[in-house]
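Subject: Structure handover

Hello,

Here is the structure you asked for. My notes on it follow below.

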Amino acid sequence: MALRIDGKKTSEQIKGEIAAQVEEIKQNGGKIPHLAAILVGSDGASQTYVGAKVKACEQVGFQSTLVLLKESISEEDLLSEIQKVNENPDIDGLIVQLPLPKHISVEKVTAKILPEKDVDGFTPANVGRMALNWPTYISATPFGILELLKRYEIETSGKHCVVIGRSHIVGSPMSILMARNANPGNCTVTITHSRTKNLGEVARTADILIVALGKPEFVTAEMVKPGAVVIDVGIHRVEDPSKKSGFRLIGDVKFEEVEPIASAITPVPGGVGPMTIAALLYNTLQAAGRRVYP
Ligand code: NAD
């Protein structure tokens, strides 16, 4: 039976480490890390995500500022709100919650964020730095996966890593990070996507299989080499009348089938998901300490 990689426990550990560092900063009279979050509109899911991020800031002793803007805000006005945060010396990190309303360009908004404050790691400058293996803010989901591999001491060097999915937020950065000359890293990487032929056969050659295609329980046991490490990034809600909430969460991997043959696996929920907020807090602490851009 596979080792279960516990993202919930690991994210709590990281938050504890960050809280201890904030305490030390306070005692030394240093500047408390300060994160600003911009939320446009009143989408329920986005409100929940931003709310969780603000709450996590409080938990570790950070300062936070939530900027709530109307759905109807013009692109120009949103860009000037970002500029204000860019110029505010008290704010160390800025995130703009996605998705944005259709009349606003995500590219323009992302490019407007000062790379020094881009704790989501989405700006072209920080993605470029990641590809160059320079100090940067690694975006939340890839950061969470790397941290789990590191803390569970999973050997990656010389292994064959297959990534399923090539999105800008998960698959593509993951493939770059796993191939870097770093630890975790030093893998031989194959990136696959919707046009890949014989995906099952390719997946079965993986020592480390990272699954981020957004299709419920897509990866079955016959797509996994016995002894592989399986990282499941997918999150899907399925109806479940036996639950109080009426639903349960499943991933992109058929967990019951794959767990018995894998050597290690991330469950859904409780795997990659909980790590994302820890990543944001970590990056904000780095920003406040000027560790990425001295
Ligand atoms: P996306 O839809 O942006 O990208 C999916 C990728 O999968 C695309 O590159 C596409 O080419 C590829 N793909 C689609 N069908 C395929 C197929 N049949 N075979 C091979 N490749 C295929 O998705 P995303 O934003 O990368 O998210 C993927 C999943 O991860 C979703 O379920 C999402 O909810 C979840 N997610 C979880 C977290 C987390 O914190 N755990 C974070 C981000 C995304």
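Are Tyr-137 and Tyr-293 buried or exposed? Tyr-137 is buried, and Tyr-293 is buried too; buried means under 20% relative accessible area, exposed over 50%, and partly exposed in between, with a 1.4 Å probe and protein chains only.

Before the rest, the ground rules. This is a predicted model, in which local features need pLDDT of at least 70 and side-chain atom pairs count only at pLDDT 80 or more, while totals for chains, interfaces and linings use all residues. Residues are numbered from 1 along each chain as its sequence is written, and side-chain values use heavy atoms, with hydrogens and water left out.

Domains

The chain is split into domain 1 (29-113) and domain 2 (140-273), with bounds from an automatic or database domain assignment. Their C-alpha centres are 29 Å apart.

Ligand

There are 22 residues around the ligand, a residue being near if one of its heavy atoms lies within 4 Å. Arg-166, Ser-167, His-193, Lys-215 and Val-233 come nearest. By type, the shell has 10 nonpolar, 10 polar and two charged residues (Ala, Val, Leu, Ile, Met, Phe, Trp, Tyr, Cys and Pro count as nonpolar, Asp, Glu, Lys and Arg as charged, and the others, Gly among them, as polar).

For polar contacts, the cut-off is a pair of N or O atoms within 3.5 Å. The side chain of Lys-215 has an N or O atom 3.1 Å from a ligand nitrogen. A polar backbone atom of His-193 is 3.4 Å from a nitrogen atom of the ligand. At Val-233, a backbone N or O atom is 3.4 Å from a ligand oxygen. On its own the ligand has 870 Å² of accessible area, of which the protein covers 72% (Shrake-Rupley method, 1.4 Å probe).

Aromatic pairs

The count is two aromatic pairs. Rings of Phe, Tyr and Trp (its six-membered ring) pair if their centres lie within 6.5 Å; planes under 30 degrees apart are stacked, over 60 edge-to-face, and the rest tilted.

Tyr-137 and Tyr-293 have ring centres 6.3 Å apart and planes at 40 degrees, so this pair is tilted. Tyr-137 sits in the loop between α5 (124-131) and α6 (140-151), and Tyr-293 in the segment after α10 (275-288), so the pair ties together parts 156 residues apart in sequence. Helices here are DSSP runs (H or I, at least four residues), numbered from the N terminus.

Phe-143 and Tyr-282 also form a tilted pair, at 5.0 Å centre to centre and 35 degrees between the planes. This pair links helix α6, which holds Phe-143, to helix α10, which holds Tyr-282, 139 residues apart. Phe-143 is buried at 7% relative accessible area, whereas Tyr-282 is partly exposed at 32%.

Regards

Methods
Polar contact = N/O pair within 3.5 Å; in protein donor to acceptor, adjacent residues only side chain to side chain. Helix = DSSP H or I, 4+ residues; strand = E, 2+ residues; numbered from the N terminus.
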